[in-house]
Amino acid sequence: MSPALPDSLASDPATAAPTQEPTQALTPTSIASTSTATTHVEPLPPLALFTPTPFTNEGRWRGQQIGRHAFETLRHYSTASSELWWYDPINQQSVILGRITGEFSAQAEFTLRGQGVPALEVPYQVNLSYGLTALSPALFDRIMAAGYSEWIETYVFSTPGVNRR
């Protein structure tokens, strides 16, 4: 018989002889019949597992926001040049829509999960707001597939170049 591991005195479990006879599996019936006291065996309740509710597309987007604080009214900001991003909840991926310059409105602030970067949530009217009027058809199809049409919630990173008005 060879050792299981080098420098081990233990035998290889695959070739070792069993040390005990196998025992019969106990069932509620066999337990009740071997008991000396009269007992009533109750059947176990059915196993109920928690099934989480699937996230909505908005729920997936909110899941990307840590410490979200919604403003009471829109706040106005300006930027010399910032990237406008959209979170695609279907593909669970951030997508750059383009670069904005000038004034924009924000409805909330948060920290973007995974990057730990502060950001502002910016309502964007598809193909109309902030001079971004020519989204690619593929990107427009992604927005539509996520259940949006005219308006989407986008974001801008809060950098030193973004100033509140």
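**Exercise 1.** State how many aromatic pairs the structure holds, then classify the pair formed by Trp61 and Phe110.

*Solution.* Eight aromatic pairs are present in the structure, which is a predicted model. For Trp61 and Phe110, start with the distance: the ring centres are 5.6 Å apart. Rings pair if their centres lie within 6.5 Å. Next take the angle: the planes of Trp61 and Phe110 stand at 85°. Planes over 60 degrees apart count as edge-to-face. The Trp61 and Phe110 pair is therefore edge-to-face.

**Exercise 2.** Find which parts of the chain the Trp61 and Phe110 pair ties together, and decide whether Trp61 is buried or exposed.

*Solution.* Trp61 belongs to helix α2 (residues 57-62), and Phe110 to strand β2 (residues 93-112). The pair therefore ties together parts that are 49 residues apart in sequence. For burial, the cut-off is under 20% relative accessible area. Trp61 has 3%, so Trp61 is buried. Phe110, at 4% relative accessibility, counts as buried too.

**Exercise 3.** Classify the pair of Phe110 and Tyr155, and locate both residues.

*Solution.* The ring centres of Phe110 and Tyr155 are 6.2 Å apart, and their planes are at 75°, so this pair is edge-to-face. Phe110 lies in strand β2, while Tyr155 lies in strand β4 (residues 151-157). The pair therefore ties together parts that are 45 residues apart in sequence. Both Phe110 and Tyr155 are buried.

**Exercise 4.** Name the residues that ring pairs link into a cluster.

*Solution.* The cluster linked by ring pairs consists of Trp61, Trp85, Tyr87, Phe110, Tyr155 and Phe157.

**Exercise 5.** Where does the charged end of Arg75 sit?

*Solution.* The charged end of Arg75 is over the ring of Phe71, 3.8 Å from the ring's centre.

How values were computed:
Residues are numbered from 1 along each chain as its sequence is written. This is a predicted model: local features need pLDDT of at least 70, side-chain atom pairs count only at pLDDT 80 or more; totals for chains, interfaces and linings use all residues. Side-chain values use heavy atoms; hydrogens and water are left out. Rings of Phe, Tyr and Trp (its six-membered ring) pair if their centres lie within 6.5 Å; planes under 30 degrees apart count as stacked, over 60 as edge-to-face and the rest as tilted. Helices (H or I, at least four residues) and strands (E, at least two) are DSSP runs, numbered from the N terminus. Buried means under 20% relative accessible area, exposed over 50%, partly exposed in between (1.4 Å probe, protein chains only). A charge sits over a ring if NZ of Lys or CZ of Arg is within 6 Å of the ring centre and within 35 degrees of the ring normal.
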